[in-house]
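Trainee: I am new to this structure. Please take one part of it and go through that part closely.

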2 protein chains.
Amino acid sequence: MLSNLITFDQTTGLSADVKPIQRRLSEMAGMYLDEATRAAMVEQNDPLVYEFHDLGVPERPGAIAYGTSITYAGKVGDEYFMTKGHFHSILETAEVYYCLKGQGLMLMENPEGDWELQKLTPGAAVYVPERFAHRSINTHPSDPLVTFFAFRGDAGHDYGTIESQGFRKLAIERGGKCEIIDNPRRRA
Amino acid sequence: MLSNLITFDQTTGLSADVKPIQRRLSEMAGMYLDEATRAAMVEQNDPLVYEFHDLGVPERPGAIAYGTSITYAGKVGDEYFMTKGHFHSILETAEVYYCLKGQGLMLMENPEGDWELQKLTPGAAVYVPERFAHRSINTHPSDPLVTFFAFRGDAGHDYGTIESQGFRKLAIERGGKCEIIDNPRRRA
């Protein structure tokens with residue numbers, strides 16, 4: 001049974017109580033613009049891109065799923081390390097992220113064609129409205145991006161839609177600065 | 001319209017973007033064991049006991065209400081400063097608290113007679129299950145207790161039940177230590 005007290009380090013986001021789910025670059029085939037560089041990086045050391053907690057709270061509409069998400073610093077070519085991103089299976093469910101450490105972006109888009117970008121800095125609470133897919137992006141050169149998240153227990157994850165069509169926008173580094181560009185490989 | 005980015009200071013819990021709701025001791029008549037001391041403290045300077053944010057997210061089952069809660073250090077006689085505490089109007093809705101700063105307790109009870117106590121320390125995520133009333137208690141001699149909270153947007157607040165019957169348990173200081181005692185004025 002899930003304990004009602006779980007401690008997450010405010011700097012690393014990790015917990016002595018529970019194990020995170022880890023996503024290495026090998027699990028993100030086709031999600032970065034520069035697939036050749038991604039494949040070479042997988043060959044070299046297959047870096048850990050992000051980790052997050054799935055605590056197994058009951059999948060009920062009255063429950064709240066929560067935990068931390070840690071996106072590490074790095075780039076695939078010019079593109080910052082990021083999470084896969086997903087819609088909720090129950091599309092009409094929101095999510096909130098509270099940034100504990102690091103520097104990054106929350107990229108959001110809905111099926112109606114709206115998209116939104118918010119900055120994640122320590123202390124920032126970013127609200128992902130109902131119907132919006134969301135992806136965390138770490139824009140810092142070295143520090144992990146650590147957030148605490150909460151959403152409805154039965155919301156579920158739809159990764160497939162993003163895996164097949166991609167996000168409308170991408171975050172890349174140009175001349176040392178973050179730029180948001182149209183995703184040339186978007187399939188809608 | 002509510003912005004999707006609101007920043008809350010990780011140490012104070014306060015925000016330059018939004019104003020908190022403040023609760024002074026004068027608004028907590030009958031909630032502390034030592035009513036005479038409470039009345040005298042109200043006469044003297046009516047201290048601020050706690051503040052929290054109500055950001056006005058849509059009251060929809062898919063929305064997530066969130067913000068910070070700050071309970072200040074202090075006592076009414078031997079009883080630690082605390083929030084009024086409440087059930088959700090939709091009883092079958094949970095809540096999660098992530099402690100940012102300070103030291104305290106989350107006191108919980110449900111209508112079936114179960115009660116639970118969890119320690120709030122920086123990094124602790126305390127889960128308030130469905131059906132549980134909940135109250136934050138600051139047990140530190142001087143530091144504010146700061147938490148980030150999230151619950152379903154339509155959950156609502158039922159303060160009346162606790163105002164009329166009280167919690168089953170109280171947190172008091174005896175010999176410099178926190179003790180949990182039965183509430184002698186509980187009306188069930």
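Mentor: Start with strand β8 (residues 104-109) of chain A, which pairs with β11(A) in the antiparallel sense over 6 bridges. Strands here are DSSP runs (E, at least two residues), numbered from the N terminus, and two strands pair if DSSP finds at least two bridges between them. Within this pair, Met106(A) stands opposite Ser136(A) in β11(A).

This is a predicted model, in which local features need pLDDT of at least 70 and side-chain atom pairs count only at pLDDT 80 or more, while totals for chains, interfaces and linings use all residues. Residues are numbered from 1 along each chain as its sequence is written, with chains lettered from A and ligands numbered from 1 in the order in which they are written.

The pair belongs to an open sheet of 3 strands in chain A, with the order β9-β8-β11 and antiparallel pairing. Because β9 (115-120) and β11 (133-138) of chain A are at the edges with a single partner strand each, one side of each has no neighbour in the sheet. From one strand to the next the twist averages 20°, taken between N-to-C directions of lines fitted to C-alpha atoms, on a scale from 0 to 180 degrees.

Pairing also crosses between the chains. Strand β1 (residues 5-7) of chain A and β10(B) are antiparallel over 3 bridges, and Ile6(A) is opposite Ala125(B) in β10(B).

Now the contact between the chains. In all, 33 residues of chain B are in contact (C-beta atoms, placed from the backbone, within 7 Å) with 33 residues of chain A. Elements of chain B that each supply at least two residues of this side include β1 (5-7), β9 (115-120) and β10 (124-128). By class, that side has 19 nonpolar, 7 polar and 7 charged residues; Ala, Val, Leu, Ile, Met, Phe, Trp, Tyr, Cys and Pro count as nonpolar, Asp, Glu, Lys and Arg as charged, and the others, Gly among them, as polar.

How is chain B laid on chain A? A turn of 180° and a shift of 0.0 Å along the axis do it, with an RMSD of 0.0 Å, superposed by least squares on the C-alpha atoms of residues with pLDDT of at least 70 in both. That is the relation of a two-fold axis. The same surface serves both copies, as 100% of the contact residues of chain B recur in chain A. Of the residues of chain B, Ala150(B) comes closest to the rotation axis, with its C-alpha at 3.3 Å. Leaving aside neighbours within four places in sequence, Val96(B) is in contact with residues including Ala150(A) and Ala150(B).

Key. Contact = placed C-beta atoms within 7 Å. Helix = DSSP H or I, 4+ residues; strand = E, 2+ residues; numbered from the N terminus.
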